[in-house]
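Here is a short report on one model.

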Amino acid sequence: YTPSGADLAVGDQPVALERARSGSGARYTARGVELWEHQGTTRIDWFGTKLSCESNLANRLSLPNATD
């Protein structure tokens with residue numbers, strides 16, 4: 001990540017993403033690709049293939065103020 005964007009690669013296909021407007025979280029886009037992180041969930045739309053990953057690391061470590 002950089003202040004103005006992020007680099008994302010799937011296999012040998014890298015894409016430079018630009019920071020995009022988001023009501024909440026961090027969102028990056030390029031033609032056909034979107035990466036959006038919000039409250040521990042990262043969503044990627046890779047040319048129509050949608051992926052989602054949730055992090056519950058804080059819950060597993062029993063950190064204070066951890067939420068699901």
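## A polar pair

The side chains of D45 and K50 are joined by a polar contact of 2.7 Å. A polar contact is a pair of N or O atoms within 3.5 Å; within protein, one must be able to donate a hydrogen and the other to accept it, and residues adjacent in sequence count only if both atoms are side-chain atoms. The model is predicted: local features need pLDDT of at least 70, side-chain atom pairs count only at pLDDT 80 or more, and totals for chains, interfaces and linings use all residues. Residues are numbered from 1 along each chain as its sequence is written, and side-chain values use heavy atoms, without hydrogens and water.

## Setting of D45

D45 sits in strand β5, residues 41–46 (strands are DSSP runs of E, at least two residues, numbered from the N terminus). D45 counts as buried because its relative accessibility is 19% (buried means under 20% relative accessible area, with a 1.4 Å probe and protein chains only). Beyond neighbours within four places in sequence, D45 is in contact with G32, V33, E34 and K50 (heavy atoms within 4.5 Å).

β5 and β6 pair in the antiparallel sense over six bridges (pairing needs at least two DSSP bridges). D45 stands opposite K50 in β6. Two residues lie between the strands of this hairpin, and F47 takes a positive phi near 50 degrees.

How many of the six residues of strand β6 are buried? The number is zero, so β6 (residues 49–54) lies largely in the open.

Note on methods
Helices (H or I, at least four residues) and strands (E, at least two) are DSSP runs, numbered from the N terminus. Buried means under 20% relative accessible area, exposed over 50%, partly exposed in between (1.4 Å probe, protein chains only).
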